[in-house]
Amino acid sequence: MGLFFEPYQADRCCLCGSPESLTGEHMVKASALRKIFGREPMVIGSFDGTSVPRDAQGPKSQAFHFSARICASCNSSQTQAPDREFDRFNVFVSELISQGKSPESVFSLPQYELSSTPYLNVFRYFAKLLCCHVAESGGPRALAVSEFALGRAGRNTVCLYIDADPTYETFYEQFGEHKFAGHGGLMVPVDSKTQLPTSFRSSLTLGAVRYIFWVRFGALTGLALQMFHRPFFQKCQAAYREALKNPLSDDERRRLGI
C-alpha cells in the first residue's frame, strides 16, 4: 500500500479498492434531482453560452453517473449515513439561502457542532465525491480522503465553502425562478514555484446553493503524484500550462468558484 495514494484501477472501487460487486455513483444525487425537477424534462450541459445542452433521461440516467466505480458495500452501508446526513444538511442550507442569510451559519445549529457525528458525515459525503471526481479523471485513490469518506478515519481532510451559485443567479435575473443542479468537475491547482499539485477541488450545486469543497496537500504528496502516478500528473501539468496560456476570465473564475 502506498503512503499517500493507490494507483487508479478502472475495475476496482475508487474508495476501498475492492473488485467485487461494482456499481455506479451519481455525480448529483438522484434523490436531489427528483426533489428539484420532479417529473419535468431535464437537459444536461455546461450552460456556458457556446455548447448545446442535450436531453437527459431522468434522475437515474447514466449521464449523471461517474464512470469511476464504487463497490456495493461502499455505496450502501459504508456511506449511507453521510448520504442521508447531507440530504438533511442541504435542506437547512437551502432555507438559509432563501431567507437571505449566510449559509455558513448552518454550522451554528447544535447538531453540526464541530466534530460531531452529523458534522463529520456531511464532510464524508464530500470526501466521497472528491474520490469519485479524481478517479473519473484517472487519478489515484487518495488514501486519507477515502478512509475518511468510509468512516475508517476520524480526521477530517475536507474543506468546505458554501455560497449562492452565480450561474443560478444569472438565470434567475433573466428568467426568474428555475430548476438547476450541477457539478464543477475536478480542479487541481498547481504551485507556480514547485510545479506540483497542491489540492483536489470540486463543487456541487443544488438549486441556488453551491458547495465548493477541496482537500489540500503538501509538497511530499504532490511529489508522490509526480513520481508514482505519472500519467495523471502529466494530465494536471497539461491543464496547468493551458490555463497559463489561456487565462480564465473574471466571469469564468466566478462561475468556477475560484
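This is a predicted model: local features need pLDDT of at least 70, side-chain atom pairs count only at pLDDT 80 or more; totals for chains, interfaces and linings use all residues.
As background, nonpolar side chains tend to be buried together in soluble globular proteins.

Once its neighbours within four places in sequence are left aside, Tyr211 is in contact with Phe86, Phe89, Asn90, Val93, Phe126, Leu160, Tyr161, Ile162, Ser202, Ser203 and Leu204.

## The sheet and the helix on it

Four strands make up an open sheet, in which the order is β7-β10-β9-β8 and the pairing is antiparallel. The strands at the edges, each pairing on one side only, are β7 (159–164) and β8 (181–183). On average, and with direction ignored, neighbouring strands of this sheet are turned by 15° against each other.

Strand β9 (residues 199–206) and strand β10 (residues 209–216) run antiparallel and are joined by eight bridges.

## A buried histidine

Where does His133 lie, and is this residue buried or exposed? His133 has its place in helix α4, and because its relative accessible area is 4%, which is under 20%, His133 counts as buried. Leaving aside its neighbours within four places in sequence, the residues in contact with His133 are Phe66, His183, Gly185, Leu186 and Ser202.

## Two helices that pack together

Two packed helices are described by the angle between their axes and the distance between the axes. Helix α7 (residues 219–228) packs with helix α8 (residues 230–245) at an angle of about 110°, and their axes are 6 Å apart. Because angles of 65 to 115 degrees count as roughly perpendicular, α7 is roughly perpendicular to α8.

On the side of α7, the residues that take part are Leu225, Gln226 and Phe228, and they meet Arg230, Phe232 and Phe233 in α8. Sorted by type, the residues of this contact of α7 with α8 are four nonpolar, one polar and one charged.

Note on methods:
Residues are numbered from 1 along each chain as its sequence is written. Side-chain values use heavy atoms; hydrogens and water are left out. Two strands pair if DSSP finds at least two bridges between them. Helices (H or I, at least four residues) and strands (E, at least two) are DSSP runs, numbered from the N terminus. Axes are lines fitted to C-alpha atoms, for helices over the stretch in contact, and angles run from 0 to 180 degrees between N-to-C directions. Contact means heavy atoms within 4.5 Å. Buried means under 20% relative accessible area, exposed over 50%, partly exposed in between (1.4 Å probe, protein chains only). Angles under 35 degrees count as roughly parallel, over 145 as roughly antiparallel, 65 to 115 as roughly perpendicular and the rest as oblique. Ala, Val, Leu, Ile, Met, Phe, Trp, Tyr, Cys and Pro count as nonpolar, Asp, Glu, Lys and Arg as charged, and the others, Gly among them, as polar.
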